[in-house]
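Subject: Handing over the structure

Hi there,

Here is the structure I promised to pass on to you. Please have a look at it first, and then read on for what turned up in it.

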Amino acid sequence: MRYAIGVDLGGSHVTAGIIGEDGSINGQHELDLSDLAFPAVLEALVSVIGKALTDSGKAVAIGIGSPGNIDHDDGVVRYSPNFGWENAPLGSTLAKRFDVPVKVGNDARCATLGEYAFGTGSGTKDFVLLTLGTGIGGGIVAGGELLLGNDFGAGEIGHHQIRPTDGFICGCGKIGCFEAQASGMGLIRHAAAVAASFPKSTLLSMPPEKLGSKKIRKAAQAGNAHALAAWKNYASDLALGLANIVAFVNPQRIALGGGVSTAGEFMLDAVRARVDELTTMVPRGRTEIAVAKLGNDAGQVGAALMAFRGRLSARP
Ligand SMILES: [Zn+2]
């Protein structure tokens, strides 16, 4: 079997996996990132990729999933608000450091490809992945091919506005983006927004940076009134965005990944009925909404598949 190195470049750490052509993960190396300047991230990448290459012995290519708007043809990160990069030549710079071909793609599109080929999307031709983490990453497979768009921007589902007049401010500057309302961070914001109605609640007693969405979700599952109110508003916004996606691309299956999705059926039950209510011109109840299978590994697996194929594509 052939192996490729699949790299998931995140805002806090970078992970390089040794990925087989069958999607198997045969070892991983991880490094925390403290400095997000381009030269520092490059050195971190060279270090983890070098270790993974040595371990693999015979990897044939390197694929990197990076945040930002990326020209998949030349591997240039056109801009990445997370890293503060503009026109960073990530692919060509790394290619000079290694003896095997290097491909660079958007991290969320890579994760979509991985989940489509080896996870929840497998067996479908029309599939959407949404990763509900600090933000919302996403990607769309339509008619068996990953949508990239005219300028590599297709799939930025997190930044369609669902509450432009009364929503939370998004990291992108707009108000009420799907990401601002329905990411893990969105759940925290919903909890803060309804806090005044629950003066005795202890949910927000810890500093906001330490309060994870997981704590609120678990409290909701345990019946905490404050957490349940936040969860209800959160699920309502999540369902609204999902129904919009159903209308845009009529997928067979939508997979939800990221921290919030670990709630499993508790989350799916909260959104399925509402998605159906909001679905009008597309046959109702036909879009399967499921939890993503590959979790945090989807990005590495998809990046490796891109490397094997020499292009970011869902077609073999
Ligand atoms: Zn936005």
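How many helices and strands does the secondary structure of the protein come to? There are 9 helices and 13 strands, where helices (H or I, at least four residues) and strands (E, at least two) are DSSP runs, numbered from the N terminus. Please keep in mind that this is a predicted model, in which local features need pLDDT of at least 70, side-chain atom pairs count only at pLDDT 80 or more, and totals for chains, interfaces and linings use all residues. Residues are numbered from 1 along each chain as its sequence is written.

Overall dimensions

The C-alpha trace spans about 60 × 45 × 30 Å along its principal axes. The radius of gyration of the protein is 20 Å, which agrees with the value near 20 Å for a compact globule of 316 residues. That radius is taken over C-alpha atoms, and the globule rule is 2.2 Å times the number of residues to the power 0.38.

(Axes are lines fitted to C-alpha atoms, for helices over the stretch in contact, and angles run from 0 to 180 degrees between N-to-C directions.) Strand 1 (residues 3-9) and strand 2 (residues 13-20) run antiparallel and are joined by 7 bridges, with Leu9 opposite Val14 of strand 2.

Strand 11 pairs with strand 10 (residues 136-142) in the antiparallel sense over 2 bridges, and Val141 has Leu146 in strand 11 as its bridge partner.

Helix packing

Helix 3 also packs against helix 9 (residues 298-309), at an angle of about 90° and with the axes 6 Å apart. That makes helix 3 roughly perpendicular to helix 9; angles under 35 degrees count as roughly parallel, over 145 as roughly antiparallel, 65 to 115 as roughly perpendicular and the rest as oblique. Among the residues that meet are Cys110, Leu113 and Phe118 in helix 3 and Val301, Leu305 and Met306 in helix 9, where contact needs C-beta atoms, placed from the backbone, within 7 Å. The contact residues divide into 10 nonpolar, 4 polar and 2 charged. (Ala, Val, Leu, Ile, Met, Phe, Trp, Tyr, Cys and Pro count as nonpolar, Asp, Glu, Lys and Arg as charged, and the others, Gly among them, as polar.)

Helix 7 (residues 225-249) and helix 8 (residues 265-277) have axes that come within 8 Å and cross at roughly 50°. That makes helix 7 oblique to helix 8. Their crossing is right-handed; a crossing is left-handed if the near helix is turned anticlockwise from the far one by less than a right angle, and right-handed if clockwise. The residues of this contact divide into 9 nonpolar, 1 polar and 1 charged.

Finally, the axes of helix 5 (residues 184-193) and helix 6 (residues 213-221) come within 8 Å and cross at roughly 65°, and this crossing is left-handed.

Best wishes

Note on methods. Pairing = 2+ DSSP bridges. Contact = placed C-beta atoms within 7 Å.
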